[in-house]
Amino acid sequence: MSKAFTKENDAGDDDDGTAGAAPPLPAGSKNYITPQGYARLRAELLELMDVERPKVVEAVHWAAKNGDRSENGDYLYGKKRLREIDRWIRFLTKRLEVAEVTDPSVHHGRDQVFFGATVRYADETGEERVVTIMGIDEAESAQAQVSWISPIARALLKSREGDVVKLATPGGVHEIEILAVSYPPPAAA
């Protein structure tokens, strides 16, 4: 069979661009995100559409003029990169369409844990940790940020300073004590 009639496979990439991306949203839940996270995702989407994609399209167009496309590395790489960009654009567009922007600063001064809270807690051994509860698409574990759907966030949500909550882990159920809850201050108008 001619190669022209076969479908290329990107080694497990799925069609909506979610390979290696944030986890899918739980059924029936909202895609909570901070205003800063929304702005960052939107900026990434616009950069892809207005800068990155046109550059790749131009490179593919140039490479297509260079003759035999089946052995043209620039053309083949460009087409693959274009598919990746288009998948990521679709993914970001879908996520931004269902995003519910939630400003954590509205809870400034409260001691109850809601979306956007920075929580200092201690485990059973007395070891203290600090996490900030963020949206699925913006949480970065290297910065001590956890998604609001993570087990630790689910255990902490709606608790207050001084509460002891149970955290179910693969190693068993652990008790953690909420030591402090804080939120970013409201932006100056």
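Modeller: The protein has 3 helices and 7 strands, where helices (H or I, at least four residues) and strands (E, at least two) are DSSP runs numbered from the N terminus. Along the sequence these elements follow the pattern β-α-α-β-β-β-β-α-β-β. This is a predicted model, in which local features need pLDDT of at least 70 and side-chain atom pairs count only at pLDDT 80 or more, whereas totals for chains, interfaces and linings use all residues. Residues are numbered from 1 along each chain as its sequence is written, and side-chain values use heavy atoms, with hydrogens and water left out.

Of the 189 residues in the protein, 33% are buried; buried means under 20% relative accessible area, exposed means over 50%, and partly exposed lies in between (1.4 Å probe, protein chains only). The protein exposes about 11700 Å², of which carbon and sulfur atoms supply 53%, with areas taken from the Shrake-Rupley method with a 1.4 Å probe and, for residues, only the protein chains shown counting as cover. Among the contacts (heavy atoms within 4.5 Å) with a separation of 6 or more, 59% are between residues 24 or more positions apart.

Turning to the rings, the structure holds 3 aromatic pairs. Rings of Phe, Tyr and Trp (its six-membered ring) pair if their centres lie within 6.5 Å, and planes under 30 degrees apart count as stacked, over 60 as edge-to-face and the rest as tilted. One of these pairs is Tyr32 with Trp148, whose ring centres are 5.2 Å apart and whose planes stand at 75°, so the pair is edge-to-face. This pair links distant parts of the chain, since Tyr32 belongs to strand β1 (residues 31-33) and Trp148 to the loop between β5 and α3, 116 residues apart. Tyr32 is partly exposed, with a relative accessible area of 25%, while Trp148 is buried at 9%. Another pair is Trp88 with Phe91, with ring centres 4.9 Å apart and planes at 25°, so this pair is stacked. Trp88 and Phe91 are 3 residues apart in helix α2 (residues 73-97), and so are separated by about one helical turn. Trp88 is partly exposed, at 24% relative accessible area, and Phe91 counts as buried because its relative accessibility is 6%.

Most residues other than glycine have a negative phi. Ala144, in the loop between β4 (128-134) and β5 (145-147), has a positive phi near 60°, and counts as partly exposed because its relative accessibility is 33%. Lys158, found in the loop between α3 (151-156) and β6 (164-169), likewise has a positive phi, near 75°, and is exposed, with a relative accessible area of 62%.
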